[in-house]
Amino acid sequence: MRMATDAISEYYRRGGERTRLTASGVGRLEFLRTWDVLTRVLPPAPATLLDVGGATGVYARPLTAAGYRVHVLDLTPEPGVTAAVGDARALPVADGAADAVLLLGPLYHLPERADRVAAWREAARAVAPGGVVVGAVISRFAFLLDGLLKGFFDDPGFPPLVERALREGRHVNDSSGRGYFTTAYFHRPEEVAAEAEDAGLTDVQVVAVECPLWLNDDRLDSLVGDPAATETMLEVLRGVEREPSMLGASGHLLGVARRP
């Protein structure tokens with residue numbers, strides 16, 4: 001696991017995640033939709049939130065501005081964010097320490113199912129009874145679709161990466177010099193609820209974040225850049241975010257669950 005952790009840390013040290021979710025296009029869509037879901041499922045401020053894997057502060061900062069008490073835990077905390085070093089599989093917090101726990105990144109980078117269930121279980125332990133846990137995952141088919149859009153299939157080394165991801169869910173970027181995603185696990189929609197439930201969480205709902213809208217480059221900037229268009233887009237997608245046929249075509253999924 002050490003080599004994988006080093007590769008993941010190096011990927012995030014390059015800095016792309018600091019602006020990806022707040023700039024424009026697909027990243028902005030992901031942020032706006034995730035934020036929209038959070039505003040509907042989190043307890044009201046000033047609840048205490050544990051943001052596991054939130055080192056860049058993309059969600060911690062606006063949540064703090066909204067009145068929440070946010071504590072970030074990450075393997076590699078970023079400068080400028082009040083955070084402590086922590087592993088999602090062994091959180092250094094007391095039982096029931098938070099009103100809600102966010103896993104908006106750690107589940108991406110745990111290839112082994114036992115480790116992902118451990119992360120969900122630790123979140124369940126850290127949240128108060130009745131509290132909510134929100135976990136983000138990458139769709140099994142996002143790598144393939146993203147590769148088609150960006151022309152990655154022109155690289156003869158890319159199809160084997162996709163084939164393995166489709167077959168096993170595992171992605172290992174062993175293409176030196178290529179800007180592909182780092183070591184990751186890509187979920188089938190049905191796996192999200194199964195892993196959360198195995199960790200003892202209940203009332204699991206799986207939500208499509210971007211739906212298929214992330215594949216429409218031509219209109220995306222106008223949808224996420226104009227306030228009126230953004231509000232219409234969010235309202236429409238709320239109505240279909242749990243539709244099973246939308247889940248596999250979305251780039252990301254959210255699992256929303258509760259501790260009994």
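# A guided tour of a predicted protein chain

Of the 260 residues in the protein chain, 50% count as buried, where buried means under 20% relative accessible area, exposed over 50% and partly exposed in between (1.4 Å probe, protein chains only). What you have open is a predicted model, in which local features need pLDDT of at least 70 and side-chain atom pairs count only at pLDDT 80 or more, while totals for chains, interfaces and linings use all residues. Residues are numbered from 1 along each chain as its sequence is written, and side-chain values use heavy atoms, with hydrogens and water left out.

**Stop 1: the whole chain**

Start with a cartoon view. The protein chain has 11 helices and nine strands; these are DSSP runs numbered from the N terminus, with helices (H or I) of at least four residues and strands (E) of at least two. Contact here means heavy atoms within 4.5 Å. Among the contacts in the chain with a separation of 6 or more, 68% are between residues 24 or more positions apart.

**Stop 2: helices H6 and H7**

Now select residues 142-150, which are helix H6, and residues 158-168, which are helix H7. Two packed helices are described by the angle between their axes and the distance between the axes. Here the angle is about 155° and the axes are 9 Å apart. Axes are lines fitted to C-alpha atoms, for helices over the stretch in contact, and angles run from 0 to 180 degrees between N-to-C directions. H6 and H7 are therefore roughly antiparallel (under 35 degrees is roughly parallel, over 145 roughly antiparallel, 65 to 115 roughly perpendicular and the rest oblique).

Show the side chains next: Phe143, Leu144 and Gly147 of H6 meet Phe158, Leu161, Val162, Ala165 and Leu166 of H7. This contact has seven nonpolar residues, one polar and no charged. In this scheme Ala, Val, Leu, Ile, Met, Phe, Trp, Tyr, Cys and Pro are nonpolar, Asp, Glu, Lys and Arg are charged, and the others, Gly among them, are polar.

**Stop 3: helices H9 and H10**

Which way do the axes of H9 and H10 run relative to each other, roughly parallel or roughly perpendicular? Select residues 217-225 (H9) and 227-238 (H10): their axes come within 5 Å and cross at roughly 100°. That makes H9 roughly perpendicular to H10. Ser222, Leu223, Val224 and Gly225 in H9 meet Pro227, Ala229, Thr230 and Met233 in H10, a contact with five nonpolar, three polar and no charged residues.

**Stop 4: aromatic rings**

The whole structure holds eight aromatic pairs. Rings of Phe, Tyr and Trp (its six-membered ring) pair if their centres lie within 6.5 Å; planes under 30 degrees apart are stacked, over 60 edge-to-face and the rest tilted. Pick phenylalanine 31 and tyrosine 59: their ring centres are 5.2 Å apart and their planes at 20°, so the pair is stacked. Phenylalanine 31 sits in helix H3 (residues 25-41) and tyrosine 59 in the loop between strand S1 (48-52) and helix H4 (60-65), so the pair ties together parts that are 28 residues apart in sequence. Phenylalanine 31 is buried at 9% relative accessible area, and tyrosine 59 is buried at 8%.

Go back to phenylalanine 143 and phenylalanine 158, a tilted pair with 4.9 Å centre to centre and 55° between the planes. Both are buried. Ring pairs link Phe143, Phe152, Phe153, Phe158, Tyr180 and Phe186 into a cluster.

**Stop 5: proline 111**

Finish at proline 111, in the loop between strand S4 (98-103) and helix H5 (113-126). Proline 111 counts as buried, at 15% relative accessibility.
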